[in-house]
Amino acid sequence: MLLGSRIFLALTRFRAPPITLCTFSSKFISRFSPNNHGFLSITPTRLFIPAASLKRDENKEVDGYAELKEKVENLGICCSSVTPGEYTRLMCPKCKGGRPMERSLSFHMSWKRNYALWRCFNFECGWAGQVLAHNSTASDGVHQLGKMNSRRILTEESLKLEPLGDMLVAYFAKRMISKDTLKRNHVMQMADDQIIIAFTYRRNGMLIGCKYRTLEKRFWQEKGTDKVLYGLDDIREADKIIIVEGEIDKLSVEEAGFPNCVSVPNGAPQNIASKELLPLEEDTRFSYLWNCKECLDKVSRIVLATDSDLPGQALAEELARRLGKERCWQVCWPKKDELSSYKDANEVLVNLGSEALKEVIECAVPYERKNLN
């Protein structure tokens, strides 16, 4: 009994010596805490990454970057000012920026520096491509990016798109949308079916998605693409923006003199969600807001010009909940008759004209005041 007490006393007074961890990876640690007797418990046993291994990985990355840079520059793209992980506008070596001689090439190099992709947003050029470093595989590069961010590499050629033909230009003319507005927004059509409209979604000039519409109002979108706001590049430098419910409404608002307008990509919900907002990773229906967060965070005033029907009002509420009601304003659509109002921006444009639509937007009221119970 006495011997057991002495052993127990010795154990409780024992403390493990200090441990210095020089280089380790957290993914190998499942538990690291003092136990009841002062002993440190570490599981599993693979804790340390040898410094030599890290050095080899670093050298491999440097070599891959040098080769990738050489491949890109051999194509005429000067990437010395490029920051990995970001999109950069460069001079396109194919069209030299067209007549305006602008930096029309949207260039992206992965933060790991193991692949690069680009797209020229000059309407008459559209050159696009991608290259991989020698130490990179498809799963490390573009395909892995697609897996992680649901992003595909799209081109007008791969989607079989072409400029609008006379039939669809005439259709938009009846809806008071000009040919210049259509061209500026890269509205196209399917080459193999000339009565299907293609609204191209772009970020930094690069084609990242496409939404199709028939004249009978049947809609579908390209799968496996990031969801973003339609017209995203038009609000990058804007302090005040307008959000509408559909692509044609975005074009209509532009006809009224407001290019700083975007449309949601997937219409309106049938009703307002009664529960609290979901965490960002679960808020899939409104993922386009979080994918555009960098642009939206800088905006001080947001005019909600959603449809006047119940789903449109539900959309306005869902947007305001996520964007902050204190910076949201809402339009009041003019009366059509004693019982109803015009539904959306295009209805106002067609029936009352661009000046009337401009006035409606300029007379928007604070969202919280309009929706006081």
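# Strands, pockets and salt bridges in a predicted model

Q: Which residues of strand 6 (residues 128-132) form its covered face, and which its uncovered one?
A: The model described here is predicted. In a regular strand, side chains alternate between the two faces of the sheet. In strand 6 the uncovered face consists of A128, Q130 and L132. The covered face consists of G129 and V131.

Q: Which residue of strand 6 stands opposite W118?
A: Strand 5 (residues 115-120) and strand 6 run antiparallel and are joined by 5 bridges. Within strand 6, the residue opposite W118 is G129.

Q: Is strand 9 largely enclosed by the rest of the structure or largely open, and how many of its residues are buried?
A: Strand 9 covers residues 193-203. A residue counts as buried when its relative accessible area is under 20%. Strand 9 is largely enclosed by the rest of the structure, because the buried residues number 8 of the 11.

Q: What is the relative accessible area of I195?
A: I195 belongs to strand 9. Together with M167 and L215, I195 makes a nonpolar surface patch of about 250 Å². I195 is partly exposed, and its relative accessible area is 35%.

Q: Over how many bridges does strand 9 pair with strand 8?
A: Strand 8 (residues 187-190) forms a hairpin with strand 9, with 2 residues between them. Q189 stands opposite I197 of strand 9. The two strands pair in the antiparallel sense, and the number of bridges is 4.

Q: Which residue takes a positive phi in the hairpin of strand 9 and strand 10?
A: Strand 9 pairs with strand 10 (residues 206-214) in the antiparallel sense over 8 bridges. One of the bridge pairs is R203 with M206 of strand 10. The hairpin has 2 residues between its strands, and the residue with a positive phi, near 55°, is N204.

Q: How many residues does strand 9 give to the lining of the second largest pocket?
A: The second largest pocket has a volume of about 560 Å³. Its lining comprises 23 residues, of which F121, K183, R184, N185 and H186 lie nearest its centre. Helix 5 (179-184) and strand 9 each supply at least two residues of this lining. Strand 9 gives the most, and its contribution is 3 residues.

Q: About how much space lies in the largest cavity?
A: The count of cavities of 30 Å³ or more comes to 1. The residues lining the largest cavity include Y201, G209, C210, Q221 and E222. The space in the largest cavity is about 50 Å³.

Q: Which residue of strand 13 is the bridge partner of V244?
A: Strand 12 (residues 240-244) and strand 13 pair in the parallel sense over 3 bridges. In strand 13, the bridge partner of V244 is S263.

Q: How many residues of helix 6 are buried?
A: Helix 6 spans residues 247-255 and is mostly covered. Among its buried residues are E247, I248, K250 and E254. Just after helix 6, G257 takes a positive phi of about 100°. The number of buried residues in helix 6 is 8 of 9.

Q: How many residues apart are D234 and R184, whose side chains meet in a salt bridge?
A: The structure holds 17 salt bridges. In one of them, the side chains of D234 and R184 meet at 2.8 Å, N to O. D234 lies in the loop between strand 11 (219-221) and strand 12, and R184 lies in helix 5, so that the pair links distant parts of the chain with a separation of 50 residues.

Q: Are R322 and D283 buried or exposed?
A: The side chains of R322 and D283 meet in a salt bridge of 2.8 Å, N to O. R322 lies in helix 9 (residues 310-323) and D283 in the loop between strand 13 and helix 7 (287-291), so the pair ties together parts that are 39 residues apart in sequence. Both residues are buried.

Terms used
Residues numbered from 1 in each chain as written. Predicted model: local features only at pLDDT ≥ 70, side-chain atom pairs only at ≥ 80, totals over all residues. Heavy atoms only, no water. Patch = residues over 30% accessible without salt bridge, like charges linked within 9 Å, V, L, I, M, F, W, Y side chains within 5 Å. Areas by Shrake-Rupley, 256 points an atom, 1.4 Å probe, with all protein chains shown as cover. Salt bridge = Lys/Arg side-chain N within 4 Å of Asp/Glu carboxyl O. Buried < 20%, exposed > 50% of the residue type's maximum accessible area, 1.4 Å probe, protein only. Pairing = 2+ DSSP bridges. 1 Å grid on protein atoms, 1.4 Å probe; cavity = no way out; pocket = protein on both sides within 12 Å on 5 of 7 lines; lining within 4 Å. Points joined across faces, edges and corners; volume = space filled by probe spheres on them.
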